[in-house]
Amino acid sequence: MMRRVGGFFCFCTLRMEILPMTHPKTKGHIALVGAGPGARDLLTLRALERIRAADVLLYDRLVDPEIMELARPGAERIYVGKDVGACKWPQGRIDRLIVAKARLGLRVVRLKSGDPSIFGRACEEIAAARAAGIEVEIVPGITAASAAAASIGRPLTERGETDTFVITTGTCKPGDAAPDRARLAHPGTSMAFYMAVERAAQVQADLMGAGAPAACPVEIVTRASTPEERHVATTLGALSETIAAEGIANPAILFIRYPKSLARALAGTGAVIAA
Ligand code: SAH
């Protein structure tokens, strides 16, 4: 947009309006950057740019050390993982730290595994930045479900079989009720459960209690896209037993599918299925 001032087109006005928004010099900047599921080459080019430009990087245990190596040697690296002690880095402390660093005029990168918008507590950090008047940006990343599905060569949706794809969690905020899983137990649904290994027995009971057949196919992918990746196939009816027998541990994605053809096949046998 150009402005006409006294017969001249004024570009200076435009620069004054835009530059402080996109290149804050004094107030710092916070980027919530998706680090992807693990493999370095699943990082986006935008994420790479932000990592290279960062003055300070905050990261946790799901961010691969190889990705941290992409930062400038002089950049400050702060580990804020929960495994150093549940109370050492509560979310409020992370929120305050990113704001304090940005207030020094620094470019702060908060690295989050996968996509920062999916089970990443991004809302709290965005709210803290906005309350402090600091520009905050989300750089999307490849979420664990996408990477896990790609690794096992099974798309997340399948025309004619699964036309609804749900991303959900086995673990909610303490005190919150589990999501209503009866809504998910319908033919045509493909589900990706995050943070669900320890809650698998409950997930299994909820879905089957709502009518999902024991024969629903399940794929468990641990550490997708890393050299330690593992893939175990089972069924909904055998889910918790398989997890125990195989010693499955987090981080893992549980894919549970209720294909339409399974519902049709079971209907043909007269079995009771969810509508
Ligand atoms: N923001 C992340 C999710 C964070 S919640 C994303 O978009 O992927 C943490 C959970 O993500 C883990 O408990 C696990 O369920 C899943 N997860 C993260 N990385 C994973 C990986 N490489 N393989 C399998 N599951 C993963």
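**View 1. Lining of the largest cavity by class.** The lining of the largest cavity comprises four nonpolar, one polar and two charged residues (Ala, Val, Leu, Ile, Met, Phe, Trp, Tyr, Cys and Pro count as nonpolar, Asp, Glu, Lys and Arg as charged, and the others, Gly among them, as polar). These residues are Ile152, Arg154, Pro155, Leu156, Ser190, Phe255 and Arg257. The volume of the largest cavity is about 50 Å³, and the count is one cavity of 30 Å³ or more. A cavity is a set of points, on a 1 Å grid over the protein atoms alone, where a 1.4 Å probe fits but cannot get out; lining residues have an atom within 4 Å of a point. The volume is the space filled by probe spheres set on the points.

The model is predicted: local features need pLDDT of at least 70 and side-chain atom pairs pLDDT 80 or more, whereas totals for chains, interfaces and linings use all residues. Residues are numbered from 1 along each chain as its sequence is written, and side-chain values use heavy atoms, without hydrogens and water.

**View 2. Shell around the ligand.** The ligand is surrounded by 18 residues, the closest being Ser113, Ile118, Thr143, Ala224 and Ala252 (a heavy atom within 4 Å). The shell divides into twelve nonpolar, four polar and two charged residues. Because domain 1 (29–142) and domain 2 (145–269) both give residues to this shell, the ligand lies between them; the bounds come from an automatic or database domain assignment.

**View 3. Ligand nitrogen and backbone atoms.** A nitrogen atom of the ligand lies 2.7 Å from a polar backbone atom of Ile118. For Ala224, the distance from a ligand nitrogen atom to a polar backbone atom is 2.8 Å.

Note on methods
A polar contact is a pair of N or O atoms within 3.5 Å; within protein, one must be able to donate a hydrogen and the other to accept it, and residues adjacent in sequence count only if both atoms are side-chain atoms. On a 1 Å grid over the protein atoms alone, a cavity is a set of points where a 1.4 Å probe fits but cannot get out, and a pocket is an open set with protein on both sides within 12 Å along at least five of seven lines; lining residues have an atom within 4 Å of a point.
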